[in-house]
Amino acid sequence: MTILAQSALVALSSLAAGFLGSLTGLGGGVVIVPMLTLAFGVDIRYAIGASLVSVIATSSGAAAAYVKEGYTNVRIGMLLEIATTAGALVGASLATVVPAGAIAVVFGLVLLHSGYVSRRPHPDQDTSAAAPDPLAARLRLDSSFPVPGGVREYHVRRLPAGFALMGVAGVLSGLLGIGSGAVKVLAMDQAMRLPFKVSTTTSNFMIGVTAAASAGVYLSRGYVDPGLAMPVMLGVLAGSFLGARVLVAASSRWLRVVFALVIVVLAAEMIGNGLAGRF
Amino acid sequence: MNGARSAWTEERLQSMVSLVLRVGVNLAAAIVLLGGLVFLYRHGHEVPHYGVFRGEPSDLRTIGGIAHDAWAVSGRGLIQLGLLVLVATPVARVALSLVVFAVQRDRTYVVVTLVVLALLILSLTGHTP
């Protein structure tokens, strides 16, 4: 196969990944690495480099639209970014010494977890009546967001737990080249009890910054191959753009099931091949 | 905090952030597409070897090397320049937030944002452990 033919195939597959990722809200990043390594036989380090680039593209593209809606909490995002960017630098540096097979196994496990998280409903607790957390109050993290007919206040809970989980999300992002959206949701929805819309948009804001920290390391280590990153980035970007335009609530439930199944199969392949030393 | 001033900066920030993100992503995609066309025109008939990890040559790893290659209209250099613009987009967003926190005289968050910005710059310039 020539470079031209492979680029066309990679671009088309990335378009499908970006499209499905955008429709299901899981992001295209999680399937890019398994797709490149399992279907195209790409070295996992090149695959992670290309995936990181596509994560920045989709997150920044989506954030441009989110920003004006008034849900993003920039203070929370910035504070937690200390944890995610520091974690990302550690994870990206780890990626240079950890054997490729071990990275593949960790990738498969994280993939399974994100597939599981995506199948659960999101409880949206009202924390407006709860007593403010002293630490969160001192850092002025509590805020409000627009709801039909006014604004709703919310209080941030358990900041240290959220901060620690964000460090883990950063390490995984740097090690695996993904947005770690599932771990971020765990930290912000479960630990810090942020309203769903606030956590989604704030996490999206953070994903771009975290991936940029990892991408810098991959770029300067020579893990980003332009010939491979080009079709991946353009394909995922075009796919998520299309996905955002045709978003239909009725069919997205069906798609989530299909996408979750795809994820389970890919995760099993990654773990199996990783343990068999085929990376 | 002055309420009127913070409302003003909040609104300005939101439209500026939105603009920076849109311009950054579109510009990056355009440069990557242009570089991709040059690359495929020149090397499209060759056989890819992404299955073997060799690491990129040093001129595609550093900001100076990438700028040099892009200026020489190398396809791979241009793609890498587009990717640099893409990576710089979230960094520019953090820098914008720094300006707003400074205008609001919010010292705590000026420091927080400076730490994040420093970590990003360390990463981009290759100064990591």
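Two strands pair if DSSP finds at least two bridges between them. Helices (H or I, at least four residues) and strands (E, at least two) are themselves DSSP runs, numbered from the N terminus. The model is predicted, so local features need pLDDT of at least 70 and side-chain atom pairs count only at pLDDT 80 or more, while totals for chains, interfaces and linings use all residues. Residues are numbered from 1 along each chain as its sequence is written, with chains lettered from A and ligands numbered from 1 in the order in which they are written.

In chain A, strands β1 (residues 143-147) and β2 (residues 150-154) run antiparallel and are joined by five bridges. Across this pair, A:S144 sits opposite A:E153 of β2(A). Two residues lie between the strands of the hairpin, where A:G149 has a positive phi near 85°.

Further along chain A come helices α8 (residues 181-191) and α9 (residues 196-221), which pack with their axes 10 Å apart at an angle of about 135°. Axes here are lines fitted to C-alpha atoms, for helices over the stretch in contact, and angles run from 0 to 180 degrees between N-to-C directions. That angle makes α8(A) oblique to α9(A); under 35 degrees counts as roughly parallel, over 145 as roughly antiparallel, 65 to 115 as roughly perpendicular and the rest as oblique. On the α8(A) side, the contact (C-beta atoms, placed from the backbone, within 7 Å) is made by A:G181, A:K184, A:V185, A:M188 and A:D189. From α9(A) come A:F196, A:S199, A:T202, A:S203, A:M206 and A:I207. Sorted by class, that gives five nonpolar, four polar and two charged residues. Ala, Val, Leu, Ile, Met, Phe, Trp, Tyr, Cys and Pro count as nonpolar, Asp, Glu, Lys and Arg as charged, and the others, Gly among them, as polar.

Turning to the two chains together, 50 residues of chain A and 53 residues of chain B take part in their contact. On the chain A side, α1 (3-24), α3 (44-66), α4 (74-95), α9 and α10 (226-245) each supply at least two residues. The most come from α4(A), with 10 residues. By class, this side of chain A has 31 nonpolar, 13 polar and six charged residues.

As for chain B, it has four helices and zero strands, running α-α-α-α from the N terminus on. Of its 129 residues, 40% count as buried, that is, with 20 or more other C-beta atoms, placed from the backbone, within 10 Å of their own.

Note on methods. A residue is buried if 20 or more other C-beta atoms lie within 10 Å of its own, exposed if 12 or fewer, and partly exposed in between; C-beta atoms are placed from the backbone.
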